[in-house]
Amino acid sequence: MVEKVKKIWIDGKLVDWEDANVHILSHTLHYGLGAFEGIRCYLCADGNSAIFRLKEHVDRLFNSAHIGQMAIPFNKEEITDAIIETIKANGLKESYIRPIVFIGDGAMGIHPQDNRIRVAIAVWEWGAYLGDEGLKKGIRVKTSSFTRHHVNIMMTKAKICGNYVNSVLAKREVVQDGYDEAVILDTEGYVCEATGENIFIVESGDLKTPPLTSVLPGITRDSVISIALNRGIKVIEERFTRDELYTAEEAFFTGTAAEITPIREVDNRSIGSGKPGKITMDLQGTFFDIIRGKEQKYNRWLTYI
């Protein structure tokens, strides 16, 4: 459950939690065209707080809104400042940050006409998305019966609200069956991603991940690729099949919420030894050092507040 905080930023000003309301006829509520981001702020080793890859997240928010033909009524600098302001207003050392761009009330029907484009930013404390134990021991995963959107059905490069109906259905399906997360296949049957994460496997010491032609361009995904290349690990971006996932030496998910979460089992088949592998845990350890400000060469990814 999201714990209540003091303030939420909406349309240019901070308001009390209880007053951050929208009209029931807000267009996005009915038809799903909105754009959002998930960002994290971490408490660093020196006692200061820093937002991880804030610029890239703000850029992606604006790209998603542009793809959805929603002109954000603020510039990138204003949204960046508003995110920092919202964190400070709530006195949080660590937080999950949720900016959302949505279409307000006015015209109903499929076409939103000239309805106002609105923006809100909420922050709250949020621990490990897939559980602390999952980060350490890995999670159990099941292939969903739902298929990832085709690139000409939904705009798959955009973090569009309505895209995630597919993810909600897939997540509910596998959780009800006792699993932690779902793997979703693309329209040709290749492994694509999870409900809110990108996926990597390890083969012969190399990393492999589906290409950006079929997945959301994850910022944690990009970070892991950069870390791996800097450590001399070969990264292959190509599609792979479900049976290739079954026989992988290691596998893990990446995402702002999930961070780097090992996969220990898929469809009742152990991945590797059934425990998080060495490369996965090395990458996870480096990632956690980076977000805590312990790796100076990656400090460009941190916005201190």
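Please keep in mind throughout that the model is predicted.

I begin with helix α5, which runs over residues 164-176. The helix contains 13 residues, and the distance from its first C-alpha to its last is 18 Å, close to the 18 Å expected at 1.5 Å a residue. Which residues of α5 are buried? They are Asn166, Ser167, Ala170, Lys171, Glu173 and Val174. These residues sit on the same side of α5, because they cover an arc of only 160° around the axis. As for what covers the buried residues, β8 (139-147) and β9 (181-185) are included. After the helix comes Gly178, with a positive phi near 95°.

Several elements give two or more residues to the lining, among them β1 (7-10), α1 (27-31), β6 (95-103) and β7 (117-124). Also on that list are β10 (191-194), α6 (219-230) and β14 (250-255). By class, the lining of the largest pocket divides into 24 nonpolar, 17 polar and 8 charged residues.

How many cavities of 30 Å³ or more does a search of the whole structure find? The search finds 1. The largest cavity holds about 40 Å³ of space. Its lining consists of Arg40, Tyr42, Phe52, His57, Thr220, Thr256, Glu259 and Phe287. In terms of class, 3 of these residues are nonpolar, 3 are polar and 2 are charged.

One of the cavity-lining residues, His57, brings us to helix α2, where His57 is among the buried residues. Helix α2 covers residues 54-67, and its 14 residues should span 20 Å at 1.5 Å a residue; the end C-alpha atoms are 20 Å apart, which agrees. Just after α2, Gln69 adopts a positive phi of about 55°.

I close with two individual residues. The first topic is Thr286, which is located in helix α8 (residues 278-291). Is Thr286 buried or exposed? Its relative accessibility is 10%, and buried means under 20%, so Thr286 counts as buried. Leaving aside residues up to four places away in sequence, Thr286 touches Ile227, Arg231 and Glu295. Thr286 and Val224 are 62 residues apart in sequence, while their C-alpha atoms are 9.4 Å apart in space.

The other residue is Glu193, found in strand β10, an element that also contributes to the lining of the largest pocket. With a relative accessibility of 9%, Glu193 counts as buried. Which residues does Glu193 touch, not counting those up to four places away in sequence? The contacts are Arg148, Ala182, Val183, Ile184, Asn198, Ile199, Val215 and Leu216.

Notes: Residues numbered from 1 in each chain as written. Predicted model: local features only at pLDDT ≥ 70, side-chain atom pairs only at ≥ 80, totals over all residues. Heavy atoms only, no water. Helix = DSSP H or I, 4+ residues; strand = E, 2+ residues; numbered from the N terminus. Expected span 1.5 Å × (residues − 1). Buried < 20%, exposed > 50% of the residue type's maximum accessible area, 1.4 Å probe, protein only. 1 Å grid on protein atoms, 1.4 Å probe; cavity = no way out; pocket = protein on both sides within 12 Å on 5 of 7 lines; lining within 4 Å. Points joined across faces, edges and corners; volume = space filled by probe spheres on them. Nonpolar A, V, L, I, M, F, W, Y, C, P; charged D, E, K, R; others polar. Arc of directions from axis to C-beta. Contact = heavy atoms within 4.5 Å.
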